[in-house]
Amino acid sequence: MAADKLKETKLSTMDENKENSTEDGIGLEILQIIKDSQQQHGLRHGDYQRYRGYCSRRLRRLRKTLGFKCGNRHKFTGKKVTVEMLSDNKYCDNRYLLLVLMEAERAWSYAMQLKQEANTEPRKRFHLLSRLRKAAKHGERLEKLCESPRVDAKTKLEAQAYTSYLSGMVRFELQEWKAAMEAFNKCKTIYEKLASAFTEELAVLYHQRVEEISPNIRYCAYNIGDQNAMNELMQMRLSAGGGGGMMAEKLEALITQTRAKQAATMSEVEWRGRTVPVKIDKARIFLLGLGDNEAAIALAANEETKERLYETLLAECRDTIQAVREELKTEAKQRERSDEAGGKVSNLQFLHSYLTYIKLWTVVKRNESMAHVLQAKLKETQPDENKRGPRPQDLIRLYDIILQSLAELSSLQGLEDDNAFQKEVALKMLVYKAYRCFFIAQSYVLVKKWSEALVLYERVLKYAKEVQSKAKSFNNSLKDLPDVQELITEVNAEKYSLQAAAILDTEDTPEAPIQPNVRDNTPLCERLETFHLDPALVGKQPNLVQFPPDFQPIPCKPLFFDLALNHVAFPPLDDKVEQKGKGGLTGYIKGIFGFGS
């Protein structure tokens, strides 16, 4: 923590040194300071509380450095920076302007923090408006201070644009669309003028700010009565980039708010010949924007944008299904209390089936789009051999997911007796089975299993012809599916290529000598010099060595034989025997004690 504060102090010191480097009067690069501080202190991850803490600490350091404290620990004495102070040489320092800017940023970041919390705690919206008004008031003070003749022209324009942005945010939250649009337009005009007058690096910063403001302007125009504004919002959503970010989040929020306003007029939806009332607001908003989302996906400029829009649509669909599922639980409890018999599928259950159908079919279309991209890459030659390219196995996995989603479609509640729907799903499964089988055959071709690949190609043709024979009565339902005629043409071409490759592979392969299978009881350790195909070696009881081994004669361990013993002459013992005979009592005693020996 101490290291972070030390780093923060060094960064702020460097910024202040950069801010003080002016030759003609007082200058402050307001937008650049704001953006650098926000990116370094939390807003890259949307952490407004961290950024607010940074603003408070920087204000404390500035006041201490400038000797501009508001009293002491016992008593508060308010001090404000005035235009007269900036005219005095003693206070001719742009850090006084930075004080007011940090106060505005602190109030603004607190308001944005409260805006996040207001989603679950609506009462915090009042505090949010109070903090936004406070930020706008500090912005007006900054603009008034910049009217001093010592402040350069660029700083004056940036202060006006900053104040217009804050006042526009206040009006936007209060839903005063006309006043908010005027403030945002003024801010946009100033930044566009500044972008055309300064270096390319600063121009990029100004253009980014203009892009952030543009969705708010379009939304204000839409609420005022401009019908083209919604289409422009959708186009901006498409061009927001694949990574999302703050601009994309703002666009999503603005579009959701617009749909919520339009959803009040929507009361029912028709599907599979049945009209279902829609009473859940979340479901109304989702179904109202479904057509716009599908149109946006169709108009996507690249695959990355299309993938992002698919993910957004699936996320909204999952949230809507969860909301309907909660209502279904409540309905089930009410039925249990009233002891109603479960007969016809209820409207709420049928709505749940419809939303599940949308989710599963979106998964099918997303995976099909990914499969087309991989298929195109599969046909291209890879420039870098070391880099792993797409393989047929990747496509097989995608078609497995598609078939699983279609299998779930056929089991939707309320559609078990719909024969037309079941036949339609079965026909779609045949189409994707044919494509899956085709790529399985391609994977066998890569490992040179020609016979297996040929059998699978024949299976693909069987599926494709079955689809063509049944597709006459389902013309409308098959318009979104891939064309099986193209698949048939490709399979026929692949079959001829496969036969040619199999013949060439047979000619090029040297004939290996055929080794007969020999059943030999000789252990492997005794016939290592010869090769025989013995199936017993890979069985459960391989004949590797003879066990237990046979008895073999081995030399005994050599013992010590004293061969010299037979040639040794022992001394005579006659004298000892005679002494034992002659001795009386004395000899007996000597014999006992060993004296005579």
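Which residues do ring pairs link into a cluster? The close-ups below start there, in what is a predicted model.

**View 1. An aromatic cluster built from ring pairs.** The residues linked this way are Y399, Y432, Y435, F438, F439 and Y457. Across the whole structure there are 18 aromatic pairs, and the next view picks out some of the others.

**View 2. Edge-to-face pairs.** Here's Y48 with W108, an edge-to-face pair with 5.9 Å centre to centre and 75° between the planes. Y48 belongs to helix α3 (residues 48-66) and W108 to helix α5 (residues 95-117), so this pair ties together parts that are 60 residues apart in sequence. Y48 has a relative accessible area of 12%, so it counts as buried, the cut-off being under 20%. W108 is buried too, at 6% relative accessibility. Then there's F172 with W177: their ring centres are 5.5 Å apart and their planes sit at 80°, so this pair is also edge-to-face. Both F172 and W177 are buried.

**View 3. Charges over rings.** Look for R52 lying over the face of Y110, 3.9 Å from the ring centre. In another spot, K428 places its charged end over the ring of W361, at 4.1 Å from the centre.

**View 4. Helix α2, mostly covered.** Of the 11 residues in α2 (residues 30-40), eight are buried. I30, L31, I33 and I34 are among them, but the list also includes Q32, K35, S37 and Q38. Just past the helix, G42 takes a positive phi of about 115°.

View 5. Zoom in on L351: leaving aside neighbours within four places in sequence, L351 is in contact with V269, V276, V278, L287 and V324.

Terms used: Residues numbered from 1 in each chain as written. Predicted model: local features only at pLDDT ≥ 70, side-chain atom pairs only at ≥ 80, totals over all residues. Heavy atoms only, no water. Phe/Tyr/Trp six-rings, centres within 6.5 Å; stacked < 30°, edge-to-face > 60°. Helix = DSSP H or I, 4+ residues; strand = E, 2+ residues; numbered from the N terminus. Buried < 20%, exposed > 50% of the residue type's maximum accessible area, 1.4 Å probe, protein only. Lys NZ or Arg CZ within 6 Å of the ring centre and 35° of its normal. Contact = heavy atoms within 4.5 Å.
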